[in-house]
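Please look over the sequence and the structure shown here before reading on. The paragraphs that follow take up the ligand sites and then the packing of helices.

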Amino acid sequence: MKELKLMKGNEAIAEAAIRAGADAYFGYPITPQSEILEYLMMEKPHERTGMVVLQAESEVAAINMVYGGAACGKKVLTSSSSPGISLKQEGISYIAGAELPCVIVNVVRGGPGLGTIQPSQSDYFQSVKGGGHGDYRLLVLAPASVQEMADHVGLGFDLAFKYRNPVLILSDGVIGQMMEKVELAEQTPRLSNEELAEKYPWATLGKRDGEPRHIITSLELESSKQEIHNLKLQAKYKRMNEEEVRYEAIQCDDAEYLMVAFGSSARIAQKVVSMAREKGIKVGLLRPITLYPFPSEIIHKLAGQVKGILSVEMNAGQMIEDVKLAVCGKVKVEHFGRYGGMIPTPTEVFNALEQKIIGG
Amino acid sequence: MAQTFDRPEIQTPENLVYSKTTCLTDNVMHYCPGCGHGTAHRLVAEVIEEMGIQSETIGVAPVGCSVLAYNYFNFDVQQAAHGRAPAVATAIKRLLPEKYVFTYQGDGDLAAIGTAETIHACNRGENIVIVFINNGIYGMTGGQMAPTTLPGMPTSTSPYGRDVETMGNPLKITEIVAMLPGTHFVTRQAVHTPAAVRKTKKSLRMAFENQKLNKGLSFVEILSNCNSGWKLSPVKANKWMVDNMFPFYELGDLKVNGEMINKD
Ligand SMILES: Cc1ncc(C[n+]2csc(CCOP(=O)(O)OP(=O)(O)O)c2C)c(N)n1
Ligand code: SF4
């Protein structure tokens, strides 16, 4: 039976993790996402499914716990907010290098530095361009509702295991804190060690008699071999680009002007679409659901149809770089954003659209 | 691959007095001749073979000279980020409580960059074994000062000797973890003589037996030479260790069965 509940975005992540059959969560408190760990501790998932929940001594420890668990083939996740995600970057790079599956949630707050606890989208670059050291990519999902917060946990684990790659859920303080109704998935059973060993022959679940041992490492000192490993990673990222692009096109069919926005900015932009259409201006919204891989193809296509594109972001202009790459000079692209934890109103966005795109 | 010794006329069963443990691979170790890492690896591997837990063991290798430990241990190994092995091992043990989990770490890894992970894994009483190789220096990166470098000891980043006024004092992390309620067995051993090797092996055995009985964390420090980093021959390095390291890092058990050993 599917269940309908009124929940905060952060709680939805936690409940969805239990229901996805996650084996462990490791995290460290930080606003605006502490409800994830709090909810899990309150729910006693150990009694419900046997899931392990541990408050680590730091985000660094937490991401390395994720590494250890993921290397055993287990479904493991962690969550944090911007400063904590910065601390995790070395670990994320190791996880990407060792090709381990996991889900990482960033409920973004404004920066730089300690910044603010208010919502922001200023970790876009860090999320989609790598973040840590080395040539690697994360699969990045951008939920725009509490429902998607829940759905992206299950989807995230599916993608993480499909590609043996870390998946980042790039949320923000608005989606994390707001309450909406959610349809919760049914409980997925956790897998036994025997099932895991069968499914994931690379996992360190103990060396089986007559079989080689399992080694999990990101080290390859010989450059020629490290290059081969890098090429293999790049081929994987290419496959993601071919198979995993997800987006929502809202009233784009007849659009003369386009907005591109993700997460909570997309919620605001959607309101702007209705405002504009009430005035007879044909505006559409392209909402990337995957930020990596980025929906470049559809944006390129729409660039041939519209007169101008506004990239709406709660930052100083980060996703606009990927929009421009997709548009490739075909049409004018402008950015509108508020920074440092400020959330734009639909009217502000509409005015920017009029000034920068429609009138300009 | 190893060049194997091939003399069938003397390689007969009745002549067999010792054979390499099945828990080590045939790969040639990259360690400098005379370095303690190789002996420490062998002892860990022998204990695992003798306990019959090869298929149930997951080791965690550090960043340091023993980063490639997974080339030598013939069981499952994860290579952890610098200093984070206790966090990695925590997760493995929590998710696979029936398996045997240990970390193998140098002093820079365990007592500098990974101090927080070390102390918190010990304090939580994770049911794992930590094998701590203390050679008073950063071997892998070319002999820089470690948290354990002795006062006055020259290294490439303390070329005039460790000046405790500006560089701080050596850290006795083993004494610190012994005070934490989560540790069950804490000892400091060495591998420079056959007698010391035997004692170290006994300690390692006790540590893994503790894990079998869910006793909490066992911490085995092994004092070891880094002859390359110390710029001494292996023999001189071991003598230097006895003369200089042992007085500061006293050998013996610090905590047994959860009880502190009173040395006075
Ligand atoms: C984050 C990070 N910082 C620094 C290094 C460089 N590094 C590699 S090994 C090492 C020190 C290792 O010394 P120790 O732990 O004492 O082990 P030993 O080599 O002496 O066995 C350092 C600083 C690294 N790999 N990663
Ligand atoms: S550098 Fe030092 S610790 Fe490393 S292998 Fe050589 S002697 Fe051993």
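How far is an oxygen atom of ligand 1 from a polar backbone atom of B:Gly108? In this predicted model, the distance between that backbone atom of B:Gly108 and the ligand oxygen is 2.9 Å. A polar backbone atom of B:Asp109 is also found 2.8 Å from an oxygen atom of ligand 1, and at B:Asn135 a polar atom of the side chain lies 3.1 Å from an oxygen atom of the ligand. Taken alone, ligand 1 exposes 590 Å², and 77% of that area is buried by the protein.

Turning to the elements that build this shell, those that contribute two or more residues are helix H3 (107-113) and strand E5 (137-138), both of chain B. Of these, H3(B) supplies the largest share, with four residues. In total 17 residues surround ligand 1, and the closest are B:Cys65, B:Gly108, B:Asp109, B:Gly139 and B:Met140. Although these closest residues carry the letter of chain B, the residues around ligand 1 come from chains A and B, and the site is therefore shared between chains. Sorted by class, the shell holds six nonpolar, eight polar and three charged residues.

Ligand 2 has surroundings of its own, in which B:Tyr31, B:Cys32, B:Cys35, B:His37, B:Cys65, B:Asn135, B:Gly139, B:Cys226, B:Asn227 and B:Ser228 take part. Among these, B:Cys65 and B:Gly139 have already been met as residues closest to ligand 1, while B:Asn135, listed around ligand 2, is the residue whose side chain places a polar atom 3.1 Å from an oxygen of ligand 1. The shell around ligand 2 divides into five nonpolar and five polar residues, with no charged residues.

The remaining features concern helices of chain A. Two packed helices are described by the angle between their axes and by the distance between those axes. For helix H1 (residues 9-19) and helix H2 (residues 34-43) of chain A, the axes come within 8 Å and cross at roughly 45°, so that H1(A) and H2(A) are oblique to each other; the crossing in which H1(A) passes H2(A) is right-handed.

Further along chain A, the axes of helix H13 (residues 296-303) and helix H14 (residues 319-327) come within 8 Å and cross at roughly 60°. H13(A) is therefore oblique to H14(A), and the crossing of these two helices is right-handed.

Notes:
Residues are numbered from 1 along each chain as its sequence is written. Chains are lettered from A and ligands numbered from 1 in the order in which they are written. This is a predicted model: local features need pLDDT of at least 70, side-chain atom pairs count only at pLDDT 80 or more; totals for chains, interfaces and linings use all residues. Side-chain values use heavy atoms; hydrogens and water are left out. A residue is near a molecule or strand if one of its heavy atoms lies within 4 Å of it. A polar contact is a pair of N or O atoms within 3.5 Å; within protein, one must be able to donate a hydrogen and the other to accept it, and residues adjacent in sequence count only if both atoms are side-chain atoms. Accessible areas come from the Shrake-Rupley method with a 1.4 Å probe; for residues, only the protein chains shown count as cover. Ala, Val, Leu, Ile, Met, Phe, Trp, Tyr, Cys and Pro count as nonpolar, Asp, Glu, Lys and Arg as charged, and the others, Gly among them, as polar. Axes are lines fitted to C-alpha atoms, for helices over the stretch in contact, and angles run from 0 to 180 degrees between N-to-C directions. Angles under 35 degrees count as roughly parallel, over 145 as roughly antiparallel, 65 to 115 as roughly perpendicular and the rest as oblique. A crossing is left-handed if the near helix is turned anticlockwise from the far one by less than a right angle, and right-handed if clockwise.
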